Amino acid sequence: MKILLVEDNSELRLFLRSIFASEYRIVEAVDGMQGWSKALKFLPDIIISDVMMPGKDGITLTREARAAGITVPILLLTALDTLGDKVTGLDAGADDYIVKPFAMEELLARLRIWSRR
């Protein structure tokens, strides 16, 4: 399974890459603009995106992906934790929403769910 990881925090991005690398092929983007171009070029099986990023945020990235007919699962991984934030993300087209800080076991379990579908 190929994961597009869109995260502007380099520490978190590198940590997630190290965790995912043994089981998944990882394509990384440092912001929403780069995420958009890589989504079109590399055709990932799942997109994991932060929400608060410079340039294009994760909500905009999600909306544009859905408008363009991209149907792969999108998981938003973000510090925005209010009910309104979650509803906004899910209504934008995200399939899942995990609040930072998160348990790695939960994230990996959710990836296994999406890989089975």
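This is a predicted model: local features need pLDDT of at least 70, side-chain atom pairs count only at pLDDT 80 or more; totals for chains, interfaces and linings use all residues.
View 1. Residues are numbered from 1 along each chain as its sequence is written, and side-chain values use heavy atoms, with hydrogens and water left out. You'll find D96 in strand β5; strands (E, at least two residues) and helices (H or I, at least four) are DSSP runs, numbered from the N terminus. The D96 side chain makes a polar contact with the side chain of R110, at 2.4 Å. A polar contact is a pair of N or O atoms within 3.5 Å; within protein, one must be able to donate a hydrogen and the other to accept it, and residues adjacent in sequence count only if both atoms are side-chain atoms. Leaving aside residues up to four places away in sequence, D96 touches I74, L75, L76, L90, R110 and W114, where contact means heavy atoms within 4.5 Å.

**View 2. Five strands line up as an open sheet in the order β2-β1-β3-β4-β5, with parallel pairing.** At the edges sit β2 (25–29) and β5 (96–99), each of which pairs on one side only. Two strands pair if DSSP finds at least two bridges between them. Neighbouring strands in this sheet are turned by 20° against each other on average, ignoring direction. Axes are lines fitted to C-alpha atoms (for helices, over the stretch in contact), and angles run from 0 to 180 degrees between N-to-C directions.

**View 3. Strand β4 is largely enclosed by the rest of the structure, because five of its five residues are buried.** Four bridges link β4 (residues 74–78) to β5, and the two run parallel. Look for T78 opposite V99 and L77 opposite I98. With β3, β4 pairs in the parallel sense over three bridges, and L76 is the bridge partner of S49.

**View 4. Helix α3 (residues 58–67) lies across β1 (2–6), β3 (46–49) and β4.** Its direction is at about 175° to β4. Together, β3, α3 and β4 make a right-handed β-α-β unit. The chain then crosses from β4 through helix α4 (residues 83–91) to β5, again in a right-handed β-α-β crossover. Right-handed means that, with the strands pointing away from the viewer, the path from the first strand over the helix to the second runs clockwise.

**View 5. The largest nonpolar core has 18 residues, and L4, V6, I47 and L76 touch the most other members.** A nonpolar core is a set of buried Ala, Val, Leu, Ile, Met, Phe, Trp, Tyr and Cys residues joined through side-chain atoms within 4.5 Å. The elements giving two or more residues to this core are β1, β2, α3 and β4, and α3 gives the most, with three. Another core lies apart from it, with 16 residues, among them L5, L75, I98 and M104.

**View 6. G55 is in the loop between β3 and α3.** Is G55 buried or exposed? G55 counts as exposed, because its relative accessibility is 76%. L12 is 43 residues from G55 in sequence and 19 Å from it in space, C-alpha to C-alpha.

Methods: Buried means under 20% relative accessible area, exposed over 50%, partly exposed in between (1.4 Å probe, protein chains only).
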